[in-house]
Amino acid sequence: DIKNKRWTEKSHMPFSGSVIGATANGELYVLSKLHETYRDCRSYMASYRPKTNAWSMKRSLPEARCNATAVGIGRRLYVVGGYNWPNRESGGHAPFHPNLFVYDTIRDSWSSDPQWCANIANPVVAAVGSRLHLIERPHEVYDVETGSRALRTINPYGRRAASAVAV
């Protein structure tokens, strides 16, 4: 409650566990990533409508992912990076997911965009206009409308478990 400067409890999410979240098309979307047992990734997705204080289940991400990032642009949600946990053969996590998944909030459908990949866990991604900014070493920009890619400046500091928001 911004007016009264206090927190107000709202409807509870329909699933538990560690989640990634992003806003798109006026709703909050959460994707489950690491199950509460910390032993595997699960693929659930739900959206929250602030106007009705209600959650609804949505079509799950085609591949479960841990340590991915989600960013909303317009009516679409972009899921970048991450991996599936664990790799039973090696005892560690599976290889990183290189492809970018795109969720259409109107059609409740997923597609894959092979033009851009972030073969990394916990990517720091922000949206500015129609562009996704992968703020890593180097800083890469992908325009989701034109499909063009560009490298910007090299980030000399790197990053570790950071987040980014564009205002």
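**View 1. Arginine 49 has alanine 54 as its bridge partner in β4.** This is a predicted model. Strand β3 covers residues 45-49, and strand β4 covers residues 54-57. The two strands pair in the antiparallel sense, over four bridges. Their hairpin has four residues between the strands. In it, asparagine 53 takes a positive phi near 55°. How many of the five residues of β3 are buried? Four are, and the strand is mostly covered.

**View 2. Tyrosine 48 and tryptophan 55 form an aromatic pair.** The structure holds four aromatic pairs. In the pair of tyrosine 48 and tryptophan 55, the rings lie 5.1 Å apart, centre to centre. Their planes stand at 45°, and the pair is tilted. A pair of aromatic rings is described by just these two things: the distance of the centres and the angle of the planes. Are the two residues buried or exposed? Tyrosine 48 counts as buried because its relative accessibility is 10%, which is under 20%. Tryptophan 55 counts as buried too, because its value of 18% is also under 20%.

**View 3. Ring pairs link four residues into a cluster.** Which residues are they? The cluster holds Tyr29, Phe101, Tyr103 and Trp110. Trp110 also belongs to the largest nonpolar core.

**View 4. The largest nonpolar core has 14 residues.** Leu31, Met45, Ala70, Leu77, Val79 and Trp110 touch the most other members. Strands β1 (18-24), β2 (27-34), β6 (76-80) and β7 (99-104) each supply at least two residues of this core. Which strand gives the most? It is β1, with three residues. A second, separate core has eleven residues, including Val80, Val102, Leu132 and Tyr142. In soluble globular proteins, nonpolar side chains tend to be buried together.

**View 5. Valine 79 touches residues from several parts of the chain.** Leaving aside residues up to four places away in sequence, valine 79 touches Leu31, Leu61, Arg65, Ala68, Thr69, Ala70, Asn99, Leu100, Phe101 and Trp110. Leu31, Ala70 and Trp110 are also named among the core members that touch the most others.

**View 6. Strand β6 pairs with β5 and with β7.** Five bridges join β5 (residues 69-73) to β6, and the two run antiparallel. Threonine 69 has valine 80 as its bridge partner in β6. β5 and β6 form a hairpin with two residues between them. Glycine 74, in the turn, has a positive phi of about 60°. Four bridges join β6 to β7, again antiparallel. Here arginine 76 stands opposite aspartate 104 in β7. β6 is mostly covered, with four of its five residues buried.

**View 7. Histidine 133 is found in strand β10.** The strand covers residues 131-135. Why does histidine 133 count as buried? Its relative accessible area is 15%, so it falls under the 20% cut-off. Histidine 133 touches Val124, Val125, Ala126, Val128, His139, Glu140 and Val141, not counting residues up to four places away in sequence.

**View 8. The whole protein has zero helices and twelve strands.** Of its 167 residues, 41% count as buried. The accessible surface comes to about 10000 Å². Carbon and sulfur atoms account for 51% of that surface. Among contacts with a separation of 6 or more, 44% join residues 24 or more positions apart.

How values were computed:
Residues are numbered from 1 along each chain as its sequence is written. This is a predicted model: local features need pLDDT of at least 70, side-chain atom pairs count only at pLDDT 80 or more; totals for chains, interfaces and linings use all residues. Side-chain values use heavy atoms; hydrogens and water are left out. Buried means under 20% relative accessible area, exposed over 50%, partly exposed in between (1.4 Å probe, protein chains only). Contact means heavy atoms within 4.5 Å. Accessible areas come from the Shrake-Rupley method with a 1.4 Å probe; for residues, only the protein chains shown count as cover. Two strands pair if DSSP finds at least two bridges between them. Rings of Phe, Tyr and Trp (its six-membered ring) pair if their centres lie within 6.5 Å; planes under 30 degrees apart count as stacked, over 60 as edge-to-face and the rest as tilted. A nonpolar core is a set of buried Ala, Val, Leu, Ile, Met, Phe, Trp, Tyr and Cys residues joined through side-chain atoms within 4.5 Å.
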